[in-house]
Amino acid sequence: MHRNAVMLAVVLLGNLMLPFISAQNAGFVKSPLSETKLTGDTFELYCEVVGYPTPEIQWWYAEVNRADSFKQLWDGARKRRVSINTAYGTNGVSVLGITRLTLEDSGTYECRASNDPRRNDLRQNPAITWIRAQATISVLQKPKINASDQTILTADSSSKQVILQCNLTTAHTRHKESFWMKNGQDIPNTRTEHKDTIYRIIKPRADDSGEYMCVYTFDTAPNANATIEVKAKPDITGHKRSENKNEGENATLYCRSVGYPHPTWTWHKMDGKSPMELDNSTGRIFITNRDNYTELNILNLDINTDPGIYECNATNAIGNTAQTTILRVRSHLAPLWPFLGVLAEIIILVVIIVVYEKRKRPDDIIDDDEPVGQMKTNSTNNHKDKNIRQRNTK
C-alpha cells in the first residue's frame, strides 16, 4: 500500500513539472522579408514562430535611419491602412499588411516574439525577453504613365481597329522594357524597349474585351503598370439548346459568355407571358455563378412542374443578352417504351394471323379423305408389259 502511494505521488509530481520540463524558448520558423514597393501599392509581411508555451507576437516600426526609435503597430493604425492578423495554435502566425503605400511608409518593420513569463514586465530588458526579426520596406514614387482611355466595343466595332497606347513619362530609374498583358496573362510578341508602346486589336469582338495592362520593367525597382479597360456587352458563346431527362433524375443547364466587365447572371423559367425568376430558395434548384459562367442544377425532376423553357440572362454595364434551353422530362416508363412497342407489334401480328386463318373460305380447305386431282392410271405400263410378253412368245 505504501509503495502504491509513492508511485502515485511520483506520477502527480511528474505531471505538475511537465510544463516546466518541456518548455521551449521561442524561435522563428519564417521571418519577414525585405521588399521594395511603389506608392499606392500594398505589401504583406509574414511571421511564424514556435515555442512552448506558444509565443506572443507583436509588430514594431522604425523610420528610415532611426533604428533606435521603434514604435508598436496596431491593427487599424495609419488611418486604417494597417491590418494585423494573428492566430495562435501549435505555432504562432501573424501577417502585417499595409495598403495605399506612401513614401512615409518606408522603414524597418520588426516582428517580435516571446513566451517568457516576464516579457511584459516593464522592469525587464525587452532585448532579453523578446526575439526579433526585421525587414526593410522601401517605398519609391510610382512612375507616371500616360495611357489611353477605356474603349467600348459596339456592334459595328468589328470593322474598326482598336489601338491601345501607353507612354512612360517619368521614372525613378531607367526602364528595361515594356510588354502587354490581358486579364493577368502576358500577350506574346509585345515586348519592346520603347517608352511609347502600342497594342492593336484587329477586327475586335466581344471576346477581345477585358482588362489590358501595359507593364514597364526596371533594373532596381518594381514593375510599373497602367490599366486600360476594353468593355463590351456579354455575348453568350455556349449553352445547352435542350436537355432530355427522366423524372427523378437531376438536370444541369449552363451558359458561358464573353464580354467585360463580367456579367451578372439571372435565370428565368419562361412560363407563358410571365417569366419566373429562379433562385436557390426552393431546396431543389441551385444556381452557381462565376465570372463568365453560370450553372443551373435542378434536383429530383418532377414531370409536371419542371419541363419547359429556361432562359439565362447575362447583364453588365454595357448591355445584356439571353439564351434559352428546352428541358424535357420523361416518365419512369420511358425506358420500357421500346420493349412495349416491340411487344405490341408481336401481339398485333399474332391477331392478324389468327383472324386471317378464321376468315379462309371453305373451298380452300383440303379434305384428306378425297383424292387430290385426277389419279394417273398405269395403262401405259400395262401396254409396255403386254408388248414385252408378246415378243417373248415368238
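**Entry 1: the ends.** Where pLDDT is low, the predicted coordinates should not be read in detail, so I left both stretches alone.

**Entry 2: ground rules.** This is a predicted model, with local features needing pLDDT of at least 70 and side-chain atom pairs counting only at pLDDT 80 or more, while totals for chains, interfaces and linings use all residues. Residues are numbered from 1 along each chain as its sequence is written, and side-chain values use heavy atoms, with hydrogens and water left out. I looked up the average for the protein chain and found a pLDDT of 86, with 85% of the residues scoring at least 70.

Entry 3: Which strands form the open sheet, and in what order? I found three, in the order 10-12-15, with antiparallel pairing. Strands here are DSSP runs of E with at least two residues, and helices are runs of H or I with at least four, numbered from the N terminus. Two strands pair if DSSP finds at least two bridges between them. Strand 10 (144–147) and strand 15 (196–201) are the edge strands, each pairing on one side only. From one strand to the next the twist averages 15°, using axes that are lines fitted to C-alpha atoms and angles that run from 0 to 180 degrees between N-to-C directions. I followed strand 12 (residues 162–170) to strand 15 and noted six bridges in the antiparallel sense.

**Entry 4: cis prolines.** I noted a cis peptide bond from Tyr52 to Pro53, with omega near -5°. Pro53 sits in the loop between strand 3 (43–52) and strand 4 (56–63). The bond from Tyr260 to Pro261 is cis as well, with omega near 0°. Pro261 belongs to the loop between strand 19 (251–260) and strand 20 (264–269).

**Entry 5: positive phi.** Arg78 is not a glycine, yet its phi is positive, at about 50°. I placed Arg78 in helix 2 (residues 77–80). Arg80 also lies in helix 2, and its phi is positive, near 65°. Is Arg80 buried or exposed? Arg80 counts as exposed because its relative accessibility is 73% (exposed is over 50%, buried under 20%, partly exposed in between, with a 1.4 Å probe and protein chains only).

How values were computed:
pLDDT is the predictor's confidence in each residue, from 0 to 100.
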